[in-house]
Structure formats: structure tokens, C-alpha cells
Amino acid sequence: MAPRPFEGSLVRLRAREESDAEAFYRWINDWQTVKFLGQRYPRSLGFERDQMLNSATGYGESHFIIEKLAGGEAIGWLGLHAATGEDRSATLGIAIGEHDFLDGGYGTDAMRTACRVAFDVMNLNRVDLTVYDWNPRAIRVYEKVGFQHEGVLRDASFKAGRWNNHVFMSILRGELQ
């Protein structure tokens, strides 16, 4: 039997629900999580609730909660952003907000599942992402899944008290490992 498109071996990707707002609020205001993201400033619980209820999701902007298959616990989020039918590409963003699940293959499984959704459900040809060069854990996961290095933007942003290089990576249909 073929795998379900939104399920991996450890996680499932599901729609965001209003009930996820409190966990997302905790994650997005946790420095250990957001130091690796573009997010800079604290966000309120009201803002997160509004985002859960009012931000559209669909082909162009697909937002998911990463949920453990065993037990159904929400452990993070991901999105496929700026997808276009003309270019058949999107930008992927991911975060595991529950620190207990940073090891054990959950992020790798979520990445593989997201790429399967991108290629098999959305009919994309390319998925790209950007990662800080000082995040080797994430870079290893992306390489393991099949992402290739495309280049580096030097001193592309100022965060965490320093200038940061952004590593660009992408995966094409057929390269998923």
C-alpha cells in the first residue's frame, strides 16, 4: 500500500486549528526555536489565534502542524510558501518547537513528508529553503533528505547579535532520498 501523502513514518502533517494557538504561541516566543528563524519579535497569543483563524491556506501558501503519529502530539510546524503553478516551485520553512523531539528523526521525517506533499500532491518540481550557516543540525537534515547547496548570501541578516550568512538549498522532483 502506498504511504498516505501527509503521513511519514513518525509524523503527519495536518491543518492548523485554533486549538494549536497556545502551543504555537509558546514555540514562536521561545528563543531556542526562533533563533534559527526569520522571526525577530515576540508575538501575542491573540495574534497567533487570529493567524490560525484568518490566514488562508491552499496551493500558494500551505501551513501545517507537525504531529507525532504515536499519540497525536503537536511538535512543530512547517509551510510551503509562495508556490506557483507557472514555476512549480515553493519555499519551505520548518521548526520543531518541542525540544524533546529535536532528535529521533522527527524533523527528517517531516521534511521528507513535506517534499512528498510538494511533489506528489502539489505537482511541484522544486522546493527551496534558506538556513543560517551556523545551524549544522538543520543543514545535515536537509542534505540527508536530498537538498543540494546552491549558494550563500554573506552577511544577509543581523540576528542573535551578529551578521548571518544565509545558505540557499533546493531539491528537485526525483532527488528525494
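Tutor: Let's start with handedness: a crossing is left-handed if the near helix is turned anticlockwise from the far one by less than a right angle, and right-handed if clockwise. By that rule, α4 and α5 cross in a right-handed way. Before going on, a word on the source: this is a predicted model, where local features need pLDDT of at least 70 and side-chain atom pairs count only at pLDDT 80 or more, while totals for chains, interfaces and linings use all residues. Residues are numbered from 1 along each chain as its sequence is written, and side-chain values use heavy atoms, with hydrogens and water left out.

Helices here are DSSP runs of H or I with at least four residues, strands are runs of E with at least two, and both are numbered from the N terminus. Two packed helices are described by the angle between their axes and the distance between the axes. The axes are lines fitted to C-alpha atoms, for helices over the stretch in contact, and angles run from 0 to 180 degrees between N-to-C directions.

Helix α4 covers residues 106-121 and helix α5 residues 136-145; their axes sit 10 Å apart at an angle of about 45 degrees. That makes α4 and α5 oblique to each other, since under 35 degrees counts as roughly parallel, over 145 as roughly antiparallel, 65 to 115 as roughly perpendicular and the rest as oblique.

Who does the touching? On the α4 side, Gly-107, Thr-108, Met-111, Arg-112 and Cys-115 make the contact, and on the α5 side Val-141, Tyr-142, Lys-144 and Val-145. Contact here means heavy atoms within 4.5 Å. Sorted by class, the α4–α5 contact has five nonpolar, two polar and two charged residues. For those classes, Ala, Val, Leu, Ile, Met, Phe, Trp, Tyr, Cys and Pro count as nonpolar, Asp, Glu, Lys and Arg as charged, and the others, Gly among them, as polar.

Now set that beside another pair. Helix α1 (residues 21-28) packs with α3 (residues 45-54) at about 125 degrees, axes 9 Å apart. This crossing is right-handed too. Ala-21, Glu-22, Phe-24, Tyr-25 and Ile-28 of α1 meet Leu-45, Glu-48, Arg-49 and Met-52 of α3. That contact has six nonpolar, no polar and three charged residues.

For context, the protein has five helices and seven strands, running β-α-α-α-β-β-β-α-β-α-β-β from the N terminus. Its C-alpha atoms fill a box of roughly 40 × 40 × 35 Å along the principal axes.
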